[in-house]
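Take a look at the structure below. Keep it in view as you read.

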Amino acid sequence: MPSGAQKLMSIRFVPSPEVVMGRQIGVFVVWLAVALAAAQQGGFGGGGFGGGGAAQGGGQGQGQDQDGGTEPRQVGPYLSHRETASILTPGEYVEWELDLKKGQVVIAEARSEAFDPAMEIVEGEKVLIDNDDRFAGDQRPLLIWHCDKDGKYLLRARSFKGRAGGQMLSRHAVYDCVTLGLGVTEHPREGASHLMYRVRLQAGDFVQARFKVGESQSVPINFVRISPIGLAYVDIAEGLGSATLGTLLAPVDGDYYFWLDQHRLPGTANGAPVQVLLERVVVEPVRSVPSDVSHANNQLGVWSLSLKQGDFVEVSTDFESVNRELMFEVAPDFKKYSLTEPGKNPFVRRRDDGEERPPYLEKDTRGQGRSSRGIFVLHDSTIWIATATNGYVRGPMKIRITPAARDLTLAGSSSHLRLNHIQFWGFDANPGDVIKLKANVEGFAANFEILDPQNQIRRTGFTDREPGQSEMFFVARSKGRHYISVACRGHGGTGTYTIERTIVSPTELVPGKPVEGQLAEGEVRVIVLTLDPQKPKLLKTAMWSLQRQVTDPLGQQANMQFFAVNVFEYGYAYVREPTTLMLVVSGGAGSYHFSLVDPPQPESDSLGIR
């Protein structure tokens with residue numbers, strides 16, 4: 001039986017066996033009448049503090065939504081006691097007498113398939129706290145209450161306003177609890193079966209609970225965390241992961257709790273006293289890139305970094321042993337959370353919630369190395385960076401935040417690729433720019449990728465030997481920062497390389513002035529023409545062994561149809577207004593010819609068509 005609870009009490013009298021049988025039949029008749037009435041009205045529910053339809057749940061916190069979709073409603077090990085079954089007729093309730101001490105915490109829940117249950121704490125004739133729906137959409141009450149003074153209280157469970165009857169399952173627990181303040185150490189109670197601490201927080205407060213051993217050493221505590229509504233706490237910055245062990249980041253104002261069972265209670269180290277310490281976590285802004293930041297060994301560090309779309313930064317540390325403690329998360333928006341507005345409860349996770357795509361991507365900037373992470377920003381955002389050494393390194397923890405890519409100039413750039421690394425180069429481009437890249441590599445077989453501002457791979461290239469050469473081009477489709485990555489195939493080589501970047505200038509094609517000539521190996525030619533529906537023309541082309549790409553002036557693929565006549569091809573496109581198109585000619589060495597000609601007239605054989 002939970003501590004502080006007396007035997008189960010009911011307002012029902014103790015009947016004889018004959019009366020018991022009659023009473024059971026009476027309960028069944030009442031239940032059947034209620035069920036039939038509810039069926040005529042479309043089902044149970046509709047009443048209660050929160051209204052809504054009936055819900056059912058299992059002993060381990062599994063609930064069923066009104067739409068039939070099962071989803072977890074886990075309250076955690078702090079309320080995993082065996083459930084008590086009660087049969088109620090309309091107007092009845094069951095209650096437990098609780099002899100409580102100041103500071104103790106009561107947690108209770110109930111569920112029923114027959115009616116909308118409610119729970120309340122009563123002192124004398126005064127209801128101190130009640131609960132009908134644990135949150136919008138879940139009618140099972142969940143009550144958590146902190147006792148402010150010694151006394152006798154009643155925990156009461158009933159149907160809403162006594163309107164219905166049937167079976168109800170309930171359970172509750174009473175825990176000793178200590179209110180923990182910032183910077184105040186507290187000695188865990190000896191021989192306790194559990195530890196429970198209350199922390200009063202406002203939205204945006206960020207704290208961490210740690211075990212302090214002796215005068216210097218402290219370690220974060222893997223507490224079970226409880227939200228102000230009694231549900232297990234849900235991290236709103238869970239991407240920070242194990243770096244934030246033992247923390248509470250409050251999305252809303254309220255009382256939060258740390259709970260720990262006896263199997264995880266701390267011991268002593270060489271007789272040194274063990275204390276629980278609550279510390280505030282300060283999120284420090286990073287003002288510029290590059291920046292070096294640091295924090296003391298064995299402590300949590302969190303930094304806030306504001307970035308623009310297309311920014312690409314590298315966050316690195318010299319300590320390989322702590323690479324898994326280098327975490328990223330989008331800075332929380334505390335204005336979007338509410339305990340009263342449906343869909344804004346930060347402690348409820350619904351299975352059908354669509355996960356928002358993060359505004360950044362993490363990219364490997366050190367090959368298979370793990371002491372560095374790259375952040376590629378998809379749209380303007382503020383990102384939190386967290387790390388904790390947890391005693392694995394000596395001295396302060398240092399982190400460097402730098403641009404992940406160097407500028408790739410038009411004059412060309414050279415570098416030495418280290419073993420097991422990836423190097424990035426950045427350059428700006430406008431829609432419709434035709435950019436040619438040429439790389440010479442010595443010492444390793446290389447892989448190249450061209451990334452647009454949305455981190456989409458636009459082109460790839462490679463060298464399968466060393467020394468080797470790779471040439472590629474692409475047509476930019478968006479304005480902003482583009483990147484090219486350079487890596488050894490398999491990350492196992494090292495050597496030097498040079499990258500040259502060229503913006504190919506276009507040549508205008510007009511009627512009566514053909515564009516023709518020879519294309520050298522690896523060369524790219526760009527031809528621009530305008531089609532006017534009032535003056536229709538065909539594009540006459542001869543491209544032996546070459547390739548062509550037709551786009552609009554912004555680099556988007558355009559639709560032009562071609563048909564062959566003898567050794568020439570003729571292209572046409574249906575346009576409703578003067579339209580400019582761009583042709584990109586590439587491939588191996590060869591000849592090319594482009595001209596604008598009149599379309600064939602009726603009965604004409606100018607194209608060899610009769």
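The paragraphs below go from the whole chain to single residues.

This is a predicted model, in which local features need pLDDT of at least 70 and side-chain atom pairs count only at pLDDT 80 or more, while totals for chains, interfaces and linings use all residues. Residues are numbered from 1 along each chain as its sequence is written, and side-chain values use heavy atoms, with hydrogens and water left out.

Start with the whole chain. It has one helix and 47 strands. Both are DSSP runs, numbered from the N terminus: helices are H or I with at least four residues, strands are E with at least two. Of the 610 residues, 48% count as buried. Buried means under 20% relative accessible area, exposed means over 50%, and partly exposed lies in between (1.4 Å probe, protein chains only). Now consider contacts, meaning heavy atoms within 4.5 Å. Among those between residues at least 6 apart in sequence, 76% join residues at least 24 apart.

Next, go inside. The largest nonpolar core has 54 residues. Such a core is a set of buried Ala, Val, Leu, Ile, Met, Phe, Trp, Tyr and Cys residues joined through side-chain atoms within 4.5 Å. M196, I226 and F258 are among those with the most contacts inside this core. What does M196 touch, leaving aside its neighbours within four places in sequence? Its contacts include V105, I107, Y175, I226 and F258.

Now find an open sheet of four strands. Its order is β12-β14-β19-β17, with mixed pairing. Two strands pair if DSSP finds at least two bridges between them. β12 (178–179) and β17 (224–226) stand at the edges with a single partner strand each, so one side of each has no neighbour in the sheet. β17 and β19 (residues 254–261) run antiparallel and are joined by three bridges. Here R225 stands opposite F258 of β19.

Strand β14 (residues 194–201) holds H194. Is H194 buried or exposed? H194 is buried, at 8% relative accessible area. Its side chain makes a polar contact with the side chain of S193, at 3.2 Å. A polar contact is a pair of N or O atoms within 3.5 Å; within protein, one must be able to donate a hydrogen and the other to accept it, and residues adjacent in sequence count only if both atoms are side-chain atoms. A polar atom of the H194 side chain also lies 3.4 Å from the backbone oxygen of D176.

Move on to strand β28 (residues 381–388). Seven of its eight residues are buried. β28 pairs with β23 (residues 300–307) in the antiparallel sense over eight bridges. β25 (residues 327–330) also runs antiparallel to β28, through four bridges. I383 in β28 is the bridge partner of L305. I383 is also the bridge partner of V330.

Finish with charged pairs. A salt bridge is a side-chain nitrogen of Lys or Arg within 4 Å of a carboxyl oxygen of Asp or Glu. The count comes to 21. One of them joins D255 and R198 (3.0 Å, N to O). D255 lies in β19 and R198 in β14, so the pair ties together parts that are 57 residues apart in sequence. Both D255 and R198 are buried. Another salt bridge joins R548 and E569 (2.9 Å, N to O). R548 is partly exposed at 28% relative accessibility, and E569 is partly exposed at 29%. Finally, E95, E120, R156 and R158 are linked in a network of salt bridges.
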